[in-house]
Amino acid sequence: MPSVPPQRGESTRLRAIHKPVPRQFRVVHGHRWAFRMAGKGPAVLLIHGIGDSSDTWAELIPELARHHKVIAPDLLGHGSSDKPRGDYSVPAYANGMRDLLGALDIDRVTLVGHSLGGGVAMQFAYQFPDRTERLALVSTGGVGRGVTPALRLASLPGAHLALASLRLPTVRTQTAIVIRLLQLLDTGLGVDAPDLLRVVDALPDSASRDAFIRTLRAVVDWRGQVVTMLDRCYLTAGMPTLLVWGSRDQVVPARHAEVAHAAMPGSRLEIFEDSGHFPFHTDPQRFLAVLENFIATTEPVSRSTEEWRELLSSADAGTAPAPHSSRGPAVAGAERKITKPHRHRCP
């Protein structure tokens, strides 16, 4: 259930009372997938962003697992999962999520996706509506072309050498100086600098860097993002949908939040002030409270084949029928909240 707010000035970190949830491994289609899994109850799938891993959710998993079965995979090509020379497109990742869940005997999930993971979550909901209960999209990709110039540059030829050079001691020192300067100047990228550096550090070898570049080029080129979910957003009508964005996000611009909110009928929008691309790192207590409240106050959707056909054939997205809930009518607020840095205590 939602947390109660602590007094102003208390730490935004979650209480360190749980041991980290260790990785497990499962072979699917001949490839080894790494994942973390904990808790019992309705299933929640956490999907990380490009170059990241399930480590990004490590602080949230134990608390979220108090009331839910939480699954946090390392996407193929990331973290401790295999890094084959293969298909790293968004639809391929959605298929991978379906197959991993099938191997774990999990039928339906609430999807929580960050950045690239948000695009994968949306694709999963589109490809497998019968297995999707809710959508929570965090600083998600796929809304517009806008993306940080750093990722545009990383999609160009020669990016592999550039990424490798970032690990050289002299370049590493220069990068640390630049990051410190960005932080002192209180820039948006400065907010996310530690996380962005962590992502670079998570590419220690050629296989990791190859997988990163293949994944990036599937969604970004020199002009920006090349995939969009806007043409199919009307299909979220009646689907409980939460959008979370940091107001200072310089990786995927915060202006995309309003575009996505307008395109998704009945969605909720939470803007985290003073947060960048990783609002669940900047203020994990608040993020956990928002996510748990969203799950607690909405009903898991259940779409029949007929309803899906009606949505697809609906010429006017505004008249698209709402799906039935497994326990009653779906509840999805059309809300926009700007979250100042007041804090929530975890239960």
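Among contacts in the chain between residues at least 6 apart in sequence, what percentage join residues at least 24 apart? The share is 79%, where contact means heavy atoms within 4.5 Å.

This is a predicted model, in which local features need pLDDT of at least 70 and side-chain atom pairs count only at pLDDT 80 or more, whereas totals for chains, interfaces and linings use all residues. Residues are numbered from 1 along each chain as its sequence is written, and side-chain values use heavy atoms, with hydrogens and water left out.

The secondary structure comes to twelve helices and 13 strands, which are DSSP runs numbered from the N terminus (helices H or I with at least four residues, strands E with at least two). Of the 347 residues, 52% count as buried, a word that stands for under 20% relative accessible area, with exposed meaning over 50% and partly exposed in between, for a 1.4 Å probe and protein chains only.

The buried residues of α8 are Ser208, Arg209, Ala211, Phe212, Ile213, Thr215 and Leu216.

Threonine 132 lies in strand β6, residues 132–138, and it counts as buried because its relative accessibility is 0%. A polar atom of its side chain lies 3.1 Å from the backbone oxygen of phenylalanine 128. Leaving aside residues up to four places away in sequence, threonine 132 touches Arg108, Val109, Leu111, Phe124, Ala125, Met239 and Val301.

| Space | Volume | Lining by class |
|---|---|---|
| Largest cavity | about 50 Å³ | three nonpolar, five polar, two charged |
| Second largest pocket | about 230 Å³ | seven nonpolar, five polar, three charged |

On a 1 Å grid over the protein atoms alone, a cavity is a set of points where a 1.4 Å probe fits but cannot get out, while a pocket is an open set with protein on both sides within 12 Å along at least five of seven lines, and lining residues have an atom within 4 Å of a point. The lining of the largest cavity includes Ser208 and Phe212, both of which are among the buried residues of α8. For the second largest pocket, α2 gives the most to the lining, with five residues.

Key:
Polar contact = N/O pair within 3.5 Å; in protein donor to acceptor, adjacent residues only side chain to side chain. Points joined across faces, edges and corners; volume = space filled by probe spheres on them. Nonpolar A, V, L, I, M, F, W, Y, C, P; charged D, E, K, R; others polar.
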